[in-house]
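Here is a short briefing on surface and side-chain contacts. Take a look at the structure first.

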Amino acid sequence: MNKNFTLIFFWILTTPFFGMAQDFEGQVGQLKSLLAEKSYSMLLVESEIMLQDFPERSEGHYYSGVANYKLNNLEVAEAAFRKALDFAEKGDAALIQKQLDTVQDKITFKGKMEEAAEAFSGKKFDQAGSLYESAWRLFPKKREDAALLALKAY
């Protein structure tokens, strides 16, 4: 009888944890599916739900960052990736850092492009060309585009 009591007591204590683990894994699976489907608005909603349930896990913050990045909410994405880094396990930190670097580059790019457009409209062609070129240097694959934009500015 004592053995049965111990087993029942153990089961009562551990069942919620097993349920939470399955719930967590189920939510991560849902987020992965939404990302694969490119359903970024729903990904954002579901990641916020996950953050309510598991605020100290990196996954919710990471998927919130991805959704916000894809929806062009760059500053919000940057904050989400920073938060994900705070809670990331060692193996996940490098991937999250790369995402964060990409968001920061895009924020810088967007700012330089806006400055360049303003300079161009103010007929400051030298400044516009330099800004366009420096913006595109953030993305080495696009250097040819940078050269073309710079030429157009002159």
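M42, V45 and I49 form a nonpolar surface patch, and together they have about 230 Å² of accessible area. This is a predicted model, where local features need pLDDT of at least 70, side-chain atom pairs count only at pLDDT 80 or more, and totals for chains, interfaces and linings use all residues. Residues are numbered from 1 along each chain as its sequence is written, and side-chain values use heavy atoms, leaving out hydrogens and water.

**The nonpolar patch**
- Patches take residues with over 30% relative accessible area and no salt bridge; like charges are joined within 9 Å, nonpolar side chains (Val, Leu, Ile, Met, Phe, Trp, Tyr) within 5 Å.
- Accessible areas come from the Shrake-Rupley method with a 1.4 Å probe, and for residues only the protein chains shown count as cover.
- V45 sits in helix α2, residues 40-53 (helices are DSSP runs of H or I, at least four residues, numbered from the N terminus).
- V45 counts as partly exposed because its relative accessibility is 41% (buried is under 20%, exposed over 50%, partly exposed in between, with a 1.4 Å probe and protein chains only).

**The salt bridges**
- The structure has two salt bridges (a side-chain nitrogen of Lys or Arg within 4 Å of a carboxyl oxygen of Asp or Glu).
- One joins the side chains of E59 and R57, at 3.5 Å from N to O.
- E59 is buried at 19% relative accessibility, while R57 is partly exposed at 32%.
- Another joins R82 and E78, at 3.3 Å from N to O.
- Both R82 and E78 lie in helix α4, residues 74-87, four residues apart, or about one turn of the helix.
- R82 is partly exposed at 41% relative accessibility, whereas E78 is buried at 18%.

Definitions and conventions
Helices (H or I, at least four residues) and strands (E, at least two) are DSSP runs, numbered from the N terminus.
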